[in-house]
Amino acid sequence: MKFISSEVAVTLNAAEKLGTLLQPYDVILLNGDLGAGKTTFTQGLARGLAIKRPIKSPTFTLIREYQTGRLPLYHMDMYRLENAAANDLDLSDYFAQPAVIVIEWSQFISEQLPTQYLQIELQYLGLTQRQLVAQAVGARFQELLAQWQTALN
């Protein structure tokens with residue numbers, strides 16, 4: 001699925017719609033260049049999960065946990081692992097939790113990822129314009145992607 005967002009508010013609203021559809025154990029991978037809107041997208045997801053706390057980039061902490069919404073949210077940023085040994089970071093305990101997991105820069109931990117997920121590539125098209133390209137891996141996420149497409153139309 002491809003979606004063009006003309007401004008930040010549109011990205012936030014699209015992500016919020018997805019957030020309302022998320023279930024325990026859902027994994028969302030967000031990839032794209034620096035400044036493409038990965039954390040902004042996560043802020044929208046958090047709104048859809050009824051999380052009231054401000055969502056900040058976990059770049060320097062690797063993982064931020066939000067427990068106060070409809071479901072817990074674990075927001076991970078693996079950018080700093082680009083040149084590090086990602087295998088030293090054991091994420092299996094997180095994947096075993098009935099929470100939503102959002103992973104930015106997932107390519108740096110590809111060996112640790114679950115076998116099913118929704119991957120969203122955010123591409124910078126202009127000052128406020130972004131293209132989101134979503135790909136579902138696994139039956140649960142194919143269903144989720146179809147539900148999200150319906151919610152966006």
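The buried residues of α4 pack against β1 (2–5), α1 (8–21), β2 (27–31), α2 (38–48), β6 (117–124) and β7 (130–137); contact here means heavy atoms within 4.5 Å. This is a predicted model in which local features need pLDDT of at least 70 and side-chain atom pairs count only at pLDDT 80 or more, while totals for chains, interfaces and linings use all residues. Residues are numbered from 1 along each chain as its sequence is written, and side-chain values use heavy atoms, with hydrogens and water left out.

**Exercise 1.** Work out which residues of α4 are buried and how they are arranged around the helix axis.

*Solution.* Start with the element itself: helices (H or I, at least four residues) and strands (E, at least two) are DSSP runs, numbered from the N terminus. Helix α4 covers residues 139–152. Next, pick out its buried residues (buried is under 20% relative accessible area, exposed over 50%, partly exposed in between, with a 1.4 Å probe and protein chains only). They are R140, F141, L144, L145, W148 and L152. Now look down the axis: these buried residues fall within an arc of 130 degrees, so they line one face of α4. The arc is taken from the directions from the helix axis to the C-beta atoms. Finally, turn to the face away from the buried side, where you will find the exposed residues A139 and T150.

**Exercise 2.** Describe how β4 is paired and how it is covered.

*Solution.* First, find the partners; two strands pair if DSSP finds at least two bridges between them. Strand β3 (residues 63–66) runs antiparallel to β4 and is joined to it by 4 bridges, with Y66 opposite L73. A hairpin of 6 residues connects β3 to β4. With strand β5 (residues 100–104), β4 pairs in the parallel sense over 5 bridges, and D77 has E104 as its bridge partner. Then check the faces. In a regular strand, side chains alternate between the two faces of the sheet. In β4, L73, H75 and D77 are buried on one side, and Y74 and M76 on the other. Because 5 of the 5 residues of β4 are buried, the strand is largely enclosed by the rest of the structure.

**Exercise 3.** Classify the aromatic pair of Y74 and Y94.

*Solution.* Rings of Phe, Tyr and Trp (its six-membered ring) pair if their centres lie within 6.5 Å; planes under 30 degrees apart count as stacked, over 60 as edge-to-face and the rest as tilted. The structure holds 3 aromatic pairs. Y74 and Y94 are 5.0 Å apart centre to centre, with 80 degrees between the planes, so the pair is edge-to-face.

Terms used
The expected span of a helix is 1.5 Å times one less than its number of residues.
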